[in-house]
Amino acid sequence: MSTAVVVGGGPNGLAAAVRLALAGVRVTVLEAAAEAGGGARSGEAVVPGLLHDHCSAVHPMTAGSPFLRGLGLERFGLEFRLPEVDCAHPLDDGTAGVLHRSVAETAAGLGGADGARWRRLFEGPVAGYDRLADDLMRPLARPPRHPLRLARFGLPALLPADVLARTFSGERARALFGGAAAHAFRPLDRPLSAAVGLGLLTAGHRHGWAVAAGGSGAISRALVALLAELGGTVETGVRVGSPDRIPPADLVLYDLAPCAVAGILGDRLPPRVSRAYRRFRHGPGAFKVDFAVQAGVPWTAGPARRAGTVHLGGTFAEIAATERAVAAGRMPDRPFVLVGQQYLADPGRSVGDVHPVWSYAHVPHGYDGDATEAVVGQIERFAPGFRERVVGLAVRAPAGFAADNPNFVGGDIMTGAEDVRRLLFGPRPTLHPYATGVPGHYLCSAATPPGPGVHGMCGANAAEAALAFLAGRTRR
């Protein structure tokens, strides 16, 4: 039987391990933390019994993952739940852009020309999303399986987000799109900056901005359980810093940042790969604040009180300005803040009428200040009286993210800056983004296509490349 070691037990490492195990490979996952899951873990951060997600929280890409959705993870307790409103983007006048799973309902809420434009932009891609995802979730530099469908989606995605936003006449539609585009942690005037927003919105319209019942850690626990059923094992508390910590195996896959792989493999890497991995550019950081809130957040905009996700950044122009500042290393007074109210779809996360509210702000890479007041201020801006309802909070700054998960260098929870080269190729210009140049060794982290998110596709794609290598070696 062929053997494999996966270094790093985040969602992509676990997905890679499962894919290899399904092919009959005996797999061992080595995870440095005390619990597998990486960014997909949950725990009690503020009040006993109150459940908060460590990093990833809302999962439109997970529910629609071409790999994960075929695994039958519901057998291991995974259940996705949907809030009444997927996402709301409140504005200072008390109105909000409101995202529903239904394209028609979202368009009706935007009204007039903007509603019609929203329908034209999303109805086609949403109807064919499951086939479209076959291409979106693979390296974009490869020949597409569905070229016409990908072209229909891809032409708007090539645009800077600010150009696409100008096709809407009203601020609610612009801001709603801008908040989704800002998930890329990238200035909104750059080419391809529309891609992440379009991808999130399309996936959400197809599968909803779902949450995992019992927390995001339920996704990781289900993958670990499936791997065990297939004969694989996960060893926690094992930190790999050099090749001698890796047991002999036919394959080794790394769910790590490229710089960490360069540190482990050292001179075994070809010089060009080593240079690319060591120079791999990381993006802005996240500053996370978990709140325990009595009776929930008193949003001025009614739809935000029913929304699983709330984007706080004001108008599109304001979001664009703050994202430019953060990318340039300047901390804005009013950062873009994402708020998660997962308990609306999953009430078991709450304790009585005290609810977990998850949030993080975009901050410069490696930011060492305290953004707590900036986060609270943005929530208070759209929900006056919020401060009085907070009964406790816990903070995780960029350094805390990096300490908890070394892939998150400088607080970069995306495992790399979302520039054009990264979107097209991954950590280096190549048609083989998972190959390290060392035979049998593959990179499977979110630094590779299709990028960040708890969809497991980076791991599944890397595992396919590794299995092709095994098959070729067997034929020889």
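User: Before we start, what should I know about the model and its numbering?

Analyst: The model is predicted, so local features need pLDDT of at least 70 and side-chain atom pairs count only at pLDDT 80 or more, while totals for chains, interfaces and linings use all residues. Residues are numbered from 1 along each chain as its sequence is written, and side-chain values use heavy atoms, with hydrogens and water left out.

User: How many helices and strands does the protein chain have?

Analyst: Helices (H or I, at least four residues) and strands (E, at least two) are DSSP runs, numbered from the N terminus. Here the protein chain has 18 helices and 16 strands.

User: How do I read the radius of gyration of the protein chain?

Analyst: It is taken over C-alpha atoms, and the globule rule is 2.2 Å times the number of residues to the power 0.38. For 476 residues a compact globule would come near 23 Å, and the protein chain has 21 Å, which agrees. The C-alpha trace spans about 65 × 50 × 45 Å along its principal axes.

User: What share of the residues counts as buried?

Analyst: Buried means under 20% relative accessible area, exposed over 50%, and partly exposed in between (1.4 Å probe, protein chains only). In the protein chain, 61% of the 476 residues count as buried.

User: And what do contacts say about sequence separation?

Analyst: Contact means heavy atoms within 4.5 Å. Taking contacts between residues at least 6 apart in sequence, 74% join residues at least 24 apart.

User: Could we look at one residue? Where is histidine 282 found, and is histidine 282 buried or exposed?

Analyst: Histidine 282 is in the loop between α12 (271–278) and β11 (285–294). Histidine 282 counts as buried because its relative accessibility is 13%.

User: Which side chain makes a polar contact with that of histidine 282?

Analyst: A polar contact is a pair of N or O atoms within 3.5 Å; within protein, one must be able to donate a hydrogen and the other to accept it, and residues adjacent in sequence count only if both atoms are side-chain atoms. The partner here is aspartate 412, at 2.8 Å. Beyond four places in sequence, histidine 282 is in contact with residues including Cys259, His365, Asp412 and Thr415.

User: Where does alanine 295 lie, and what is its phi?

Analyst: Alanine 295 has a positive phi of about 65°, again without being a glycine. Its loop runs between β11 and β12 (307–312). With 48% relative accessibility, alanine 295 counts as partly exposed.

User: Which residues does the cis peptide bond join?

Analyst: It joins proline 449 and proline 450, with omega at about 5°. Proline 450 lies in the loop between β16 (441–443) and α18 (457–475).

User: Let's finish inside a helix. What does the side chain of threonine 322 reach?

Analyst: Threonine 322 is in helix α13 (residues 316–327), and its side chain reaches the backbone oxygen of isoleucine 319 at 2.8 Å. At 7% relative accessibility, threonine 322 counts as buried. Not counting residues up to four places away in sequence, threonine 322 touches Pro332, Arg334 and Phe336.
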